[in-house]
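Visitor: Please take one part of this model and go through it closely. I would like the cut-offs stated along the way.

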Amino acid sequence: MSLRMKGILVFLLVLCCCLSGTQGQGDHEDQKTCCPSDTCSLMKELTSIGEKLGAMGEKQGTMGDNLRLMETRLQTSENEVEELKRLTGGRPQVAFSATLRETGNAAGNTGPFTTPIPLQYKKVFSNTGSSYNPATGIFTATVKGMYYFRFSMMNNLNAPPNSVVCLTKNGQRLVSVWDTTGSDANDSGSNAVVIPLEVGDNVYVELQANRLVYDDGMNYNTFSGFLLFTM
């Protein structure tokens, strides 16, 4: 109970005692206006008021405790956010990795097509920042910076080999993996680049016209990338 409420309660009790004292000292007319039963009723009312004030004080104390608990939790959350910023350096996080076939037991060739097309890597392992779109196979930069990209390819199983894929930025071919000669099968290869990107730049792996690649549940064809640092 607060000091103010305690003071009010003491005042009411003192007032009650004064009324009881003056009742015995007055003349007969005073005794008619304030009888013992009236004093008892008044004391009950004052006692009830005191109890209500005490209950209000307890509720106020509980609300104060809850408020302090909420402040503690808020401070803890703010500390956790600051710690995460410290660990990441406050930098945006962009990373993804995907493989060609969404269903693990599906096997077969992709292609050939009459024109070059972006390969759609539909099974996504990770996509922090949501910059990679599995529906199109295209990564779109949302942060200006230096990026690392890597892709792998498995050629068609039936001889002769006929596989060519290129890593492409905004329609410009950067690096490639190919296998178009020989009589062997089950060949695979990979390539990688480190390139700067502006916001809105597109990067994808392009299957060249009249070429094809093979994949199955072993996930030979992959496309991955991540932000190295902002610029």
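Guide: Leu228 lies in strand β13, strands being DSSP runs of E with at least two residues, numbered from the N terminus. The model is predicted, so local features need pLDDT of at least 70 and side-chain atom pairs count only at pLDDT 80 or more, while totals for chains, interfaces and linings use all residues. Residues are numbered from 1 along each chain as its sequence is written, and side-chain values use heavy atoms, with hydrogens and water left out.

Leu228 is partly exposed because its relative accessible area is 35% (buried is under 20%, exposed over 50%, partly exposed in between; 1.4 Å probe, protein chains only). Together with Val194, Phe226, Phe229 and Met231, Leu228 forms a nonpolar patch on the surface, with about 460 Å² of accessible area in total. Such a patch takes residues with over 30% relative accessible area and no salt bridge, its nonpolar side chains (Val, Leu, Ile, Met, Phe, Trp, Tyr) being joined within 5 Å; a salt bridge is a side-chain nitrogen of Lys or Arg within 4 Å of a carboxyl oxygen of Asp or Glu. Areas are from the Shrake-Rupley method with a 1.4 Å probe, and for residues only the protein chains shown count as cover. Strand β13 gives the patch its largest share, three residues.

The largest nonpolar core has 26 residues, and Phe223 is among those with the most contacts inside it; a core is a set of buried Ala, Val, Leu, Ile, Met, Phe, Trp, Tyr and Cys residues joined through side-chain atoms within 4.5 Å. Strand β13 (222-230) is one of the strands that each supply at least two residues of this core, but the largest share, four residues, comes from β7.

Methods
Patches are made of residues with over 30% relative accessible area and no salt bridge: like charges are joined within 9 Å, nonpolar side chains (Val, Leu, Ile, Met, Phe, Trp, Tyr) within 5 Å.
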